[in-house]
Amino acid sequence: MENRNQCIRILQVVDRLEWNSGVSSVVMNYYNHIDTSEVIFDFLTHGKTDEQTRKQIEQKGSRIYEMPSLSAGNMPTYYRSLEAFYKEHAKDYPIIHGHIPNAAWFYLGLAKKYQVPVRILHSHSSIAAEKPLRSIRNKILISFGKRKANQYFACSKVAAQYMFGNRAVASGKVKIIYNAIDVERFAYKPEERNAVREELGLSDNYVVGHVGRFTTNKNQGFLVDLLKEIKDESVVLVFVGAGETQEAVKQKVIEVGLEKRVRFLGIRSDVERILQAMDVFLLPSYHEGLPVSCVEAQVSGLKCLISNRVTKETDITNQCEFLDIQDKQAWIDCLRKQIEEGSGAERITGISERFDIRKESKQLIRLYQNLLGYRSGKDE
């Protein structure tokens, strides 16, 4: 293996750069912990980046390239912009790491045309789309995109099987890149828990929590239905996040008369603090690859009630209860049991090293280097 003392510049292709997006937050977790003397991430996005995020990224020596949105009506404009980008910059990137499977046919196809050596397609989900017609469209696009990639990554085994098939997984062709987090940042801190609960006016409440972008898939309205069945007025529901279905969920809260028992905290930069204030974490999604929010919740010592549509790989502390998303009564009974145990229940901490971003970021660097056939002279 060749030994070179040089930094690799890698292009990460993402839909958007924001902490409210699960995929983006995973990429940014790695970005914030990589050794920039060995690897630098640049970003190609399909949407605008807010000025604060752009400034932070560019100050660290990274670049952001914004493409036009990809839609049926905008496809010629998108493709011309993408090709113009590769004509100018393809030589800068020995690795293109793509996180948008249904657009991979375009951005990895052009990467192949312009002879980018390593073209990675990364699966972060377990289904193509929520709506049937969109799912059919995406499956077709993804099948073409896979042919343009020469490396397969996935966040979990179920995400790998969905996109690349059982045979590819069994043969070792798919590399699992865990949705690792900053374990020290999210670790349970009793003193901080008390401070945050007082700050939010929740010192005397049992806090049912959820973190995630408001989408149809995340199924947040289901949590309002559960709270309606819990008559204890001291039990409150706290949402962290924003998105297209948020207003509909807020309207539902008003319709069932739970305004005083539901908090919408919006997008937060201090999710680790809000998790400290919670007593139980709920995720009623219809599908997930491996939700980073549940990893963060478990590191914070929380018991998690999760939809049975989510991979069992999510349970990294043996503190996850997987419940049938069609059986509302099972969720109500399980939540009542958690409430009866009370907020004083011992919080379990400690997780597998494979979810520690400090360790996994080093592993990812070595993987990139190995794919190019060399590594730095640094000690392991």
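Q: What makes helix H4 and helix H5 roughly parallel to each other?
A: In this predicted model, helix H4 (residues 104–113) and helix H5 (residues 132–148) pack at an angle of about 20°, with their axes 8 Å apart. Angles under 35 degrees count as roughly parallel, and H4 and H5 are therefore placed in that class.

Q: Which residues make the contact between H4 and H5, and in which hand does H4 pass H5?
A: H4 contributes Ala 104, Trp 105, Leu 108, Gly 109 and Lys 112, while H5 contributes Leu 141, Phe 144, Gly 145, Arg 147 and Lys 148. The crossing of H4 past H5 is left-handed.

Q: Why are Cys 294 and Cys 334 called buried?
A: The term applies under 20% relative accessible area. Cys 294 has a value of 0% and is therefore buried; Cys 334, with 10%, is buried as well.

Q: What makes strand S2 mostly covered?
A: Seven of the seven residues of strand S2 (residues 8–14) are buried. Burial extends to both faces: Ile 8, Ile 10, Gln 12 and Val 14 lie on one side, and Arg 9, Leu 11 and Val 13 on the other.

Q: How do you know that S2 pairs with S3 and with strand S5?
A: Two strands pair if at least two bridges are found between them. S2 is joined to S3 by seven bridges and to strand S5 (residues 95–98) by four, so both meet the criterion. Each of these pairings is parallel. Val 13 has Leu 44 as its bridge partner in S3 and stands opposite Gly 98 in S5.

Q: What makes strand S4 and strand S8 the edge strands of their sheet?
A: The open sheet of seven strands has the order S4-S3-S2-S5-S6-S7-S8, with parallel pairing. Strand S4 (64–66) and strand S8 (174–176) each pair on one side only. Neighbouring strands of this sheet are turned by 25° against each other on average, direction ignored.

Q: How do you know that strand S3 is paired with S4?
A: Three bridges join strand S3 (residues 39–45) to S4, and the two run parallel. At least two bridges are needed, so the pair qualifies. Leu 44 stands opposite Tyr 65 in S4.

Q: Why are strand S11 and strand S14 called edge strands?
A: The open sheet of six strands is ordered S11-S10-S9-S12-S13-S14, with parallel pairing. Strand S11 (262–264) and strand S14 (320–323) each pair on one side only. From one strand to the next, the twist averages 20°.

Q: Which strands does helix H14 touch, and at what angle to S13?
A: Helix H14 (residues 328–341) packs on the sheet, touching strand S9 (206–211), S10, strand S12 (280–283), S13 and S14. The direction of H14 makes about 170° with that of S13.

Definitions and conventions. Residues numbered from 1 in each chain as written. Predicted model: local features only at pLDDT ≥ 70, side-chain atom pairs only at ≥ 80, totals over all residues. Heavy atoms only, no water. Axes fitted to C-alpha atoms, helices over the stretch in contact; angles between N-to-C directions. Buried < 20%, exposed > 50% of the residue type's maximum accessible area, 1.4 Å probe, protein only. Contact = heavy atoms within 4.5 Å. Parallel < 35°, antiparallel > 145°, perpendicular 65-115°, else oblique. Left-handed = near helix turned anticlockwise from the far one by under 90°.
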